[in-house]
Amino acid sequence: KEILNTLSVVSKTDASILVMGPSGSGKEVLARRVHRESARQRGPLVVLNCAAIPESLMESELFGYEKGAFTGAIPGGKKGLIEAADGGTLFLDEIN
C-alpha cells in the first residue's frame, strides 16, 4: 500500500521515476499505473525491454535513424522510441 500511495503522489509530478526489483517482480505493472495516473495518460506508453536489444542496436532503437544509415535498415528510416513516446511515457525495462 505504501508503494502504491507513493506512486500516486509521484505520478502527478513531472519527475523521472526509477522502479527497482528483480525480473518478474511487476515493474511494468507499476509503470503502467504511473502512466495511467499521470498528466501524460493521453500520450503513448512506450515499453522497451533493454535486455532483449543487442547493445549495438540500442542507439538506433532509442534515437531512430535516417534512410540508408546501415545495412539492413528500413529503407525510409525509423523514428526512435524517445520520439515515439513524446507526450507520454517511456519505460525502459531491464536497463541494467
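## Helix α2 and its two faces

In this predicted model, the helix α2 (27-37) has Lys27, Ala31, Val34 and His35 as its buried residues, where buried means under 20% relative accessible area and exposed over 50%, with a 1.4 Å probe and protein chains only. Seen down the axis of α2, these buried residues fall within an arc of 100 degrees, so they line one face of the helix; the arc is taken from the directions from the helix axis to the C-beta atoms. Val29 and Arg36 are exposed on the face turned away from that buried side.

Among the parts that cover the buried residues of α2 are α1 (2-10), β1 (45-49) and β4. Helices (H or I, at least four residues) and strands (E, at least two) are DSSP runs, numbered from the N terminus.

## The largest nonpolar core

Val46, Leu48, Cys50, Met58, Leu62, Leu81 and Ala85 make up the largest nonpolar core, which has seven residues, such a core being a set of buried Ala, Val, Leu, Ile, Met, Phe, Trp, Tyr and Cys residues joined through side-chain atoms within 4.5 Å. The elements that give two or more residues to this core are β1 and α3 (55-63).

Leaving aside neighbours within four places in sequence, Met58 is in contact with Leu48, Cys50 and Ile53, contact meaning heavy atoms within 4.5 Å.

## Basis of the values

Residues are numbered from 1 along each chain as its sequence is written, and side-chain values use heavy atoms, without hydrogens and water. Because the model is predicted, local features need pLDDT of at least 70 and side-chain atom pairs count only at pLDDT 80 or more, while totals for chains, interfaces and linings use all residues.
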